Amino acid sequence: MSKIEEVKALVEAGKSKKIAAAVQEALDAGDKAQDILDAMVASMSVVGDKFSAGEIFVPEMLIAAKSMSKGVEVLKPVMAGDTSNSLGTCIMGTVAGDLHDIGKNLVVMMLESAGFDMIDLGVDVPAEKFVEAIKENKNVVLVACSGLLTTTMPALKEAVQTVKAAFPDMKVIVGGAPVTPEYAAEIGADGYAPDAGSAAVKAKELVA
Ligand code: B1M
């Protein structure tokens, strides 16, 4: 088994204690950080499919998520870019009612690498909290909201519209597995991206 396959298998099995060493070994063996990340994201899809099929349950999803997060910690410094020129502050969070944070954390990492000063509000963030954070922080140029469940898409809409009502010129970018570009446009977001890498590209475009 290659090192990268080992990482994939460890995430799927939720072996959080072994993952950091395995990711480091994959890097040492010459695997690219992006390829290791893609492998871990693919593992989470397998975990999701097993959950849909009733083969595993919430606790197993949770330990797989914990393993992936530990693996991402090892990749973070490797994937970090030159952040000497700040593009401004970005407020980010997963919307109300939604506890998924892996995708959101990847977007935080990529936006930070792109040069944004990130304020991460975490998960289950009520719409008003995004507005408070804009008021409390300096030089906020962007709000980024994740919604990872079909049931929290209305909360995504509320977040965008609450921010826009308080700060009509504030740029807002949204994303998450159930979100489409059409839905993003419909709820009044300025930008949408399907993944963390393209979120960084889109975010830069929005504040240029
Ligand atoms: Co949940 N869960 N989960 N879960 N979970 C999904 C999302 C699900 C697809 C699984 C399934 O049924 N196949 C399903 C949603 C179905 C739907 O909405 N139609 C689901 C469900 C049903 C649930 C519960 C309701 C289960 C239950 O309790 N019965 C429950 C809800 C809890 C809640 O939030 N209120 C629940 C709970 C959980 C755990 C807590 C156990 C755990 C999360 C732990 C954590 O995040 N710390 C969990 C997990 C791990 C998953 C799966 C397996 C993996 C999610 C993940 O991290 N993916 C997931 C199945 C799957 O994804 N296939 C599933 C990897 C991550 C990198 O992808 O988050 O999509 P993603 O992020 C991507 C893009 O979406 C994008 O970039 C990222 C990649 O680069 N992106 C953005 C994200 N945010 C963006 C923002 C942007 C731009 C792009 O701009 C701002």
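Guide: Start at Lys164. A polar atom of the Lys164 side chain lies 2.7 Å from the backbone oxygen of Met170. That is a polar contact, meaning a pair of N or O atoms within 3.5 Å; within protein, one must be able to donate a hydrogen and the other to accept it, and residues adjacent in sequence count only if both atoms are side-chain atoms. Before going on, note that this is a predicted model, in which local features need pLDDT of at least 70 and side-chain atom pairs count only at pLDDT 80 or more, while totals for chains, interfaces and linings use all residues. Residues are numbered from 1 along each chain as its sequence is written, and side-chain values use heavy atoms, with hydrogens and water left out.

Where does Lys164 lie? It lies in helix α7, which spans residues 153–166. Helices (H or I, at least four residues) and strands (E, at least two) are DSSP runs, numbered from the N terminus. Is Lys164 buried or exposed? Lys164 counts as buried because its relative accessible area is 19%. The cut-offs are these: buried means under 20% relative accessible area, exposed means over 50%, and partly exposed is in between (1.4 Å probe, protein chains only). The areas come from the Shrake-Rupley method with a 1.4 Å probe, and for residues only the protein chains shown count as cover.

Asp190 counts as partly exposed because its relative accessibility is 31%. A salt bridge here is a side-chain nitrogen of Lys or Arg within 4 Å of a carboxyl oxygen of Asp or Glu. Side chains of opposite charge can pair when their charged atoms come close.

How many salt bridges does this rule give? The count comes to seven. Take the one between Glu25 and Lys3, whose side chains meet at 2.9 Å, N to O. Glu25 is in helix α2 (residues 16–28) and Lys3 is in helix α1 (residues 3–13), so this pair ties together parts that are 22 residues apart in sequence. Glu25 is partly exposed, at 34% relative accessible area. Lys3 is partly exposed, at 30%. A network of salt bridges links Lys3 and Glu25 with Glu6.

Lys76 and Glu73 form a salt bridge, with 3.4 Å between the closest N and O atoms. Both belong to helix α4 (residues 58–79), three residues apart, which is about one turn of the helix. Lys76 is partly exposed, at 33% relative accessibility. Glu73 is partly exposed too, at 47%.

With Glu128, Glu132 and Glu136, Glu158 gathers in a patch of negative charge on the surface. Patches are made of residues with over 30% relative accessible area and no salt bridge; like charges are joined within 9 Å, and nonpolar side chains (Val, Leu, Ile, Met, Phe, Trp, Tyr) within 5 Å. Lys and Arg count as positive, Asp and Glu as negative; His and the chain ends are not counted. The place of a charge is NZ of Lys, CZ of Arg, CG of Asp or CD of Glu. Glu158 counts as partly exposed because its relative accessibility is 44%. The largest share of the patch, three residues, comes from helix α6 (residues 127–136).

At 7% relative accessibility, Val131 counts as buried.

Look at the loops on either side. Asp124 is in the loop between β2 (116–120) and α6. Its phi is near 55 degrees, a positive value in a residue other than glycine. Asp124 is partly exposed, at 39% relative accessibility. Asn139 is in the loop between α6 and β3 (140–146). Phi of Asn139 is near 55 degrees, again positive in a residue other than glycine. Asn139 counts as exposed because its relative accessibility is 52%.
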